[in-house]
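Student: I have a model open and would like to talk it through with you. Could you take my questions one by one?

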Amino acid sequence: MAGESDIPYEQVLENVRRFYSESMIDHAMNPRNVGELPEADGYASDTGDCGDRFEIWLRIKNDTITEARFWTDGCAAQIACGSTVTEIIKGKPLTEIHRLTARQVVNALGGLPEENKHCALRAVAVVKEAVKDAILNGREPWRKGYRKRQG
Ligand code: FES
């Protein structure tokens, strides 16, 4: 009996293309801005109902996001949303982030299936929390030393 690993790669990709856009597949397979940002100015994380974790780190200069990174152990859609949202927010002033929406992330990905839209919502919510963290750290710099990465 043929196992999943016997299915040719091209056929697997063809199946995936029926559900996901080229942009979504590209961001999932070649994610941008992955990994922890040491000494980040802003940080936030969330563990979803599915049990998967999503984290964001921000570097801020002159009230502008100069660097953004993410990490997740979630699904391909969550990886693509993390990759895309970090690309969208780089170079943006902090004052613009409250206007960021999941729809912007979904549109930048060329659409997402309904069942994956919560991944975009979560990516945006965690970015907004990381911005709040950065603003608080700017006012109370000692906070950064006490920040803990939650397990
Ligand atoms: S992040 Fe858990 S299902 Fe997508």
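Student: Is Val-106 buried or exposed?

Tutor: Happy to start there. A residue is buried if 20 or more other C-beta atoms lie within 10 Å of its own, exposed if 12 or fewer, and partly exposed in between, with C-beta atoms placed from the backbone. Val-106 has 22 C-beta neighbours inside 10 Å, so the residue counts as buried.

Student: What should I know about the model and its numbering?

Tutor: This is a predicted model, where local features need pLDDT of at least 70, side-chain atom pairs count only at pLDDT 80 or more, and totals for chains, interfaces and linings use all residues. As for the numbering, residues are counted along each chain as its sequence is written, from 1.

Student: Which element holds Val-106, and which residues does Val-106 touch beyond four places away in sequence?

Tutor: Helices (H or I, at least four residues) and strands (E, at least two) are DSSP runs, numbered from the N terminus, and Val-106 sits in helix 4. Contact requires the C-beta atoms of two residues, placed from the backbone, to lie within 7 Å. Leaving out residues up to four places away, Val-106 touches Gly-111, Leu-112, Lys-117 and Ala-120.

Student: How far apart in space are Val-106 and Leu-121?

Tutor: In sequence, 15 residues separate Val-106 and Leu-121. Taken C-alpha to C-alpha, the spacing of Val-106 and Leu-121 is 9.3 Å.

Student: In what order do the elements of the chain run?

Tutor: The chain has six helices and three strands. Its C-alpha atoms fill a box of roughly 60 × 30 × 25 Å along the principal axes. Read from the N terminus, the order is α-α-β-β-β-α-α-α-α.

Student: Which strands stand at the edges of the sheet?

Tutor: Two strands pair if DSSP finds at least two bridges between them. Here three strands form an open sheet in the order 1-2-3, with antiparallel pairing. One side of each edge strand is left without a neighbour in the sheet, because each has a single partner strand; these are strand 1 and strand 3.

Student: Which residue in the turn of the hairpin has a positive phi of about 50°?

Tutor: The hairpin is formed by strand 2 and strand 3, with two residues between them. Asp-63, in the loop between strand 2 (53-61) and strand 3 (64-72), has a positive phi of about 60° although it is not a glycine. The residue with a phi of about 50° is Asn-62.

Student: Is Asn-33 buried or exposed?

Tutor: Asn-33 lies in the loop between helix 2 (22-29) and strand 1 (42-47), and its phi is near 60°. Asp-63 is exposed, because 11 other C-beta atoms lie within 10 Å. With 20 C-beta neighbours inside 10 Å, Asn-33 counts as buried.

Student: How are helix 2 and helix 3 oriented to each other?

Tutor: Axes are lines fitted to C-alpha atoms, for helices over the stretch in contact, and angles run from 0 to 180 degrees between N-to-C directions. The axes of helix 2 and helix 3 are 8 Å apart, at an angle of about 90°. Angles under 35 degrees count as roughly parallel, over 145 as roughly antiparallel, 65 to 115 as roughly perpendicular and the rest as oblique. Helix 2 and helix 3 are therefore roughly perpendicular.
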